Amino acid sequence: MNCNETRQQLSEYLDGHLTSDHRGAVEAHLGQCALCQTEVDALRQTIQGVAAMSPVELPPGFTKRVMAHVRGEAERPGRWRALFIPLWAKIPIHATAVLLVGGMALYLYQASQPQAPMQVASRPPVEIKKERFAGDGAQLKTKEMIAEDRLEPMGSVTTAETVGRRLDESAEQPAEQKRPTPSLPSPPAELHTPVAGFKDEKSAAVGGALVEQEMTAATESLATIQERAADRTLILTAHPSHRDAAQLTNKITALAEQLGGTPEPAAPSKNTAEADRLRSAAAPRPEVVWVMVPADRYEQFSAALADMGTLTADGAGIGHAAPPAVADSMMTQSAQSELQPVPRQLRIKLTLVLPE
Amino acid sequence: MTHDTPDSQLVQRVQAGEVDAFEPLVERYQKPIFNLLYRWLGDDDDAAEAAQEVFLSAFRAVKQFRGEAKFSTWLYQIAVNQARNRRKGLAIRNNRMVPLAADDPDQDGEPAVTVADPAPNPLDNAQRQELTEQLQHGLDRLDADEALMILLHDLQGMAYEEMATVLKIPLGTVKSRLHRARQALKRRVAPMIGIERTVR
């Protein structure tokens, strides 16, 4: 056995764990090798020194403190168990908590979302308005009409058209309530005014001040869009000489044509006949005429109208008396793009108030 | 009576809910456990807290103890784990406080940890304290696992087999690690305690 082999076994040799054969071999080497003998002596001293290290005493009262904690611990299991709810009860509780938190999060998310005008003016608010109007105006809306509106497939018309029509309907109905003969179930003339497209025709009906008072914030936003379609909203209180609405209307449209404009293109709606029938039974009331007049001829047109009666601008309509060119410039590009084609033609809504 | 009762019986009584039966176990093992922790952690307060936590942990888990190993072995496993966790968060002081250092100017009164005085001769006692201090200094500078090997075997007198169980390492590893640790400590303390360094 050489020095390395001997030194590898010195630890076990000192601990008495070597077999007698190995022990004999180690001792034989140590007897011959002074270096290894010195090494084993040093190692033995180190081990004995550790074993003789002064023992440290425990802090006073250690046992009492430990047992106090132990006894406290022993009394606690009941409380610990209370924290552990059985699985059969835990799952429903957790599921309910998750649903509540999720529902609350969804509610907060929706409440925090700014609502786009078109979304706001979608079907539900308008229907509510209709029902309200139907209730207020008694016969203006039958249940069947409301139901029909509700069942109307959205895919059959564009969203804008649908919204526009609904807005027109809801906008005109309150005006009906102001009439001196509210018992008559006649829908407003505008409701059945022939239209070629809602953007050009129907949207103008939103000009009434009553609408703005009555409409909710959602419908107001759409009304704003609709109002842009009527460049001018005028009220003509006809002189006593103009008692016939048809004649006066013809005169106005002829005037517009003379000035290079056109009567508003129109097509009868499905309810026109019914509206005419109802209108004939109604008491005299304002008629509405839509004409297109070149912007540069607007002054002439309004001057000519002034000869037929008292002409006033309806503040609730487009609400401005600026020159046409200025009016055009006031419109945003987006609004202009919505109102195409209206290059230099002003769309004028003229409400005729006939003498009784 | 309880002082002669075997560990296994006391453990069974504790498992049956007799809390007081745990006290003899604490009294039986608190000193070696505290000494091990003190020598390994190097601070009496840390050692006292760790020892208390060892016994509390043992009490909490005593129902899971099935007697496959000795209670003392199981308790040492808890102590080693507890001390390892503490060491991770504890910066071992370079200049650790050795109790009753005769020339320690801070030790002007009763020390926090007193040392038993088995030596009848005051001179022997002083020499012993000095040796203890030098060895502790050497242990502090060893790798933690190496120091633990020496403390378990040479200080606590634990057998190789029990060390293998406590440390969960093979018996051969115990032997080789212990040998390496002793050699390392010898190299560190030899110049200080007058051992001639003859082998490199």
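Helices here are DSSP runs of H or I at least four residues long, and strands are runs of E of at least two, both numbered from the N terminus. On that basis, chain B of this predicted model reads α-α-α-α-α-α-α-α along its sequence. That comes to eight helices and zero strands. Chain B has 200 residues, and 50% of them count as buried.

Next, the interior. In soluble globular proteins, nonpolar side chains tend to be buried together. The largest nonpolar core in the model takes in 65 residues, and the members that touch the most others are F22(B), I33(B), L37(B) and F55(B). The top contributor to this core is helix α2 of chain B, spanning residues 22–41, which supplies 11 residues. Setting aside neighbours within four places in sequence, F55(B) is in contact with F22(B), L25(B), V26(B), Y29(B), Q30(B), I33(B) and L75(B) in chain B, and with F62(A) and V66(A) in chain A. A separate core of 22 residues lies apart from the largest one, and its members include L234(A), L236(A), A238(A) and L350(A).

Then there is the interface between the two chains. On the chain B side, 48 residues are in contact with 36 residues of chain A. Together the chains bury about 4100 Å², and 64% of that area sits on carbon and sulfur atoms. Charged pairs turn up as well, with seven salt bridges counted between chain B and chain A. In a salt bridge between D15(A) and R182(B), the side chains meet at 2.8 Å, N to O.

M104(A), Y107(A) and L108(A) make a nonpolar surface patch of about 350 Å². M104(A) belongs to helix α7 of chain A, which covers residues 87–112. Is M104(A) exposed or partly exposed? The relative accessible area of M104(A) is 49%, so the residue counts as partly exposed, given that exposed means over 50%.

Definitions and conventions: Residues numbered from 1 in each chain as written. Chains lettered and ligands numbered in written order. Predicted model: local features only at pLDDT ≥ 70, side-chain atom pairs only at ≥ 80, totals over all residues. Heavy atoms only, no water. Core = buried A, V, L, I, M, F, W, Y, C linked by side-chain atoms within 4.5 Å. Buried < 20%, exposed > 50% of the residue type's maximum accessible area, 1.4 Å probe, protein only. Contact = heavy atoms within 4.5 Å. Patch = residues over 30% accessible without salt bridge, like charges linked within 9 Å, V, L, I, M, F, W, Y side chains within 5 Å. Areas by Shrake-Rupley, 256 points an atom, 1.4 Å probe, with all protein chains shown as cover. Salt bridge = Lys/Arg side-chain N within 4 Å of Asp/Glu carboxyl O. Buried area = accessible area lost by both parts, 1.4 Å probe.
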